[in-house]
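Let us walk through a protein model from the inside out. Keep the structure in view as you read.

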Amino acid sequence: MTWLKNNPIALTLLAGISIFLFHLNVIPVTIMEARNFITAREMITDGNWLLTTMNDLPRYEKPPLPSWITALFGFIFGLENVATLRLPTMLMGIFLGYMGYLFSLKIIDSKLQALINALILLSSFYIIVITVEAPWDIYTHGFMLTGIYFLYSFFNLAGDKWKNSLLAGLFLGLSFMSKGPVSLYALLLPFLLAYGFVYKYKGFGVDRKFIPLAVMIIMAMIIGLWWFLYVRLADPNAFLAITKKETANWSSYNVRPFYYYWSFFVQSGVWTIPALMSLMYPYLKNKVIDKKAYRLTFLWTIFSVILLSIIPEKKARYLVPVLIPLALNTGFYLEYIINHFRSTLTPKEKIPVYFHFSLIGLIGIAYPFIGFFILKDGLNGLWGYYALSSLALFAIGVLLFVQLKKQQLFGCFLLTIALVAAIKLLAMPLSGAMEKNAQYKSISQLRQDMQEEGLKTYCFGEIAPEMIWDYGSAIPVLKGEEEILIPDGEKFAVLVIPSDENEFKRIFDPEYSYTLNTVYDLNYNADPGTKGHKNRLISNLYIVQKR
């Protein structure tokens with residue numbers, strides 16, 4: 001235990017590797033991943049590095065930095081290897097945890113709490129999920145936290161002001177090049193507000209930092225905006241149309257009430273209860289090791305939630321920037337209970353602690369039984385992972401209760417991290433044991449099959465990005481936003497999504513005959529007609545022939 005406390009960076013990296021770098025090809029490619037992968041593939045195959053595309057159509061909704069990084073890995077390791085395409089995103093997740101450690105050490109000067117903060121950040125539920133669900137987010141927030149680290153140093157240290165200003169400008173610009181102003185609004189602006197409330201920018205003018213600050217802003221703007229300006233000049237019509245559509249989405253798409261994010265602490269997963277306790281400011285403010293730093297992380301979290309709540313468009317994954325200051329804020333509570341559980345905590349204060357770690361322990365102990373009950377019909381070929389994961393999680397659950405009985409709270413904390421890591425290392429492959437869609441059919445062979453028959457394949461309507469990625473190349477689109485094209489040739493294949501089927505038949509009915517050839521269904525676990533089955537992941541292949 002002493003070695004772990006004395007080697008926080010090694011433990012942070014070990015936890016990050018365990019949580020992020022294994023079984024990268026287990027989960028099917030998600031919609032956001034598919035968009036990133038397709039854009040990266042078309043960079044390599046078609047040379048679309050600046051005027052980025054998806055399915056050979058302009059894709060200017062997101063800046064290209066994450067796709068450039070993905071394309072680099074695809075160029076080195078191959079475009080068929082999903083694990084290596086995911087690798088840079090996972091490395092960025094580890095980098096986020098490492099920067100969480102460095103930033104925490106900067107504001108509180110405690111290696112133990114910095115370690116706690118970093119491990120909370122690495123093991124928070126939606127931080128893990130976002131590395132697969134939305135690759136752009138982990139880049140923009142990882143770069144932004146790094147920029148904030150150097151910005152904080154710039155504000156607080158008299159020396160190295162040029163170094164800190166230039167590095168802050170660099171990473172702020174890289175964040176903007178990853179997902180536009182998202183992290184600027186949801187992570188940087190709340191930090192600046194919180195910093196102003198707590199530290200009031202004291203000494204800023206005395207140290208003559210205005211010129212380095214101006215250079216920082218200019219540098220961030222140049223790095224962050226040059227691509228947008230280039231696309232605006234090179235392809236103005238498409239750029240303006242996409243910008244108008246994206247801006248309209250902020251107020252008309254996925255609109256949720258103001259209070260939609262109020263349960264934000266739940267997204268931290270295993271840290272839900274400590275995260276909630278850390279938000280009890282009147283209770284905790286006089287118990288933490290650094291009152292000002294605690295006020296900073298608390299206000300940073302609250303301002304981030306408020307600013308996100310103002311925007312009408314809301315999604316659960318948009319809460320990821322909140323989880324960064326929340327992890328640091330939660331660390332104050334965990335540091336307090338770890339160091340004072342035996343000495344100063346009252347019986348009432350111990351109730352949420354016992355409840356939290358007991359619940360985690362019960363999850364570990366119950367896993368073998370619940371896992372078998374849910375997955376027993378699909379465990380063929382996966383019994384080894386089931387046995388190892390059951391043994392590991394059961395042991396962790398028992399040890400948690402042992403440590404809790406001994407009132408060794410740091411041991412309980414580390415065992416919670418071990419439980420998350422064990423789930424990722426040993427239980428993740430068991431997703432293959434979940435009930436599969438009997439109608440699942442990949443589209444990966446279609447291109448080769450149609451080439452052998454001498455037929456060209458088109459799509460009618462906007463088929464799912466997962467379909468395009470699985471297909472292996474771009475599919476010419478017949479039905480665009482403004483026009484419908486009729487292919488040349490006597491016979492060809494057309495992929496049609498269910499919602500466009502009636503229109504497809506109406507357009508081709510007078511002069512063409514069409515025959516349903518195959519139904520492609522990329523719903524991996526949900527059978528047709530069940531709740532989780534998505535129509536957007538279905539495409540009907542028609543063979544169309546001129547009469």
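Helices here are DSSP runs of H or I with at least four residues, numbered from the N terminus. One of them is α8, which spans residues 135-156 and holds Gly147. Keep in mind that this is a predicted model.

Is Gly147 buried or exposed? Buried means under 20% relative accessible area. Gly147 has a relative accessible area of 0%, so Gly147 is buried. What does Gly147 touch? Leaving aside neighbours within four places in sequence, Gly147 is in contact with Ala168, Phe171 and Leu172. Leu72 is another matter. Gly147 and Leu72 are 75 residues apart in sequence, and their C-alpha atoms lie 24 Å apart in space.

Now turn to the nonpolar cores. In soluble globular proteins, nonpolar side chains tend to be buried together. The largest nonpolar core in this model has 133 residues. Phe103, Leu119, Phe191, Leu296, Trp300, Ile337 and Phe413 touch the most other members. Domain 1 (1-341) and domain 2 (347-433) each supply at least three residues to this core. Take Leu296 as one example. Beyond four places in sequence, Leu296 touches Ile107, Tyr152, Phe191, Ala194, Tyr195, Val198 and Tyr199. There is also a second, separate core of 27 residues, with Cys459, Ile468, Ile497 and Leu522 among them.

Tyr259 sits in the loop between α12 (236-252) and α13 (272-278). Exposed means over 50% relative accessible area. Tyr259 has 53%, so Tyr259 is exposed.

Notes
Residues are numbered from 1 along each chain as its sequence is written. This is a predicted model: local features need pLDDT of at least 70, side-chain atom pairs count only at pLDDT 80 or more; totals for chains, interfaces and linings use all residues. Side-chain values use heavy atoms; hydrogens and water are left out. A nonpolar core is a set of buried Ala, Val, Leu, Ile, Met, Phe, Trp, Tyr and Cys residues joined through side-chain atoms within 4.5 Å. Buried means under 20% relative accessible area, exposed over 50%, partly exposed in between (1.4 Å probe, protein chains only). Domain bounds come from an automatic or database domain assignment. Contact means heavy atoms within 4.5 Å. Helices (H or I, at least four residues) and strands (E, at least two) are DSSP runs, numbered from the N terminus.
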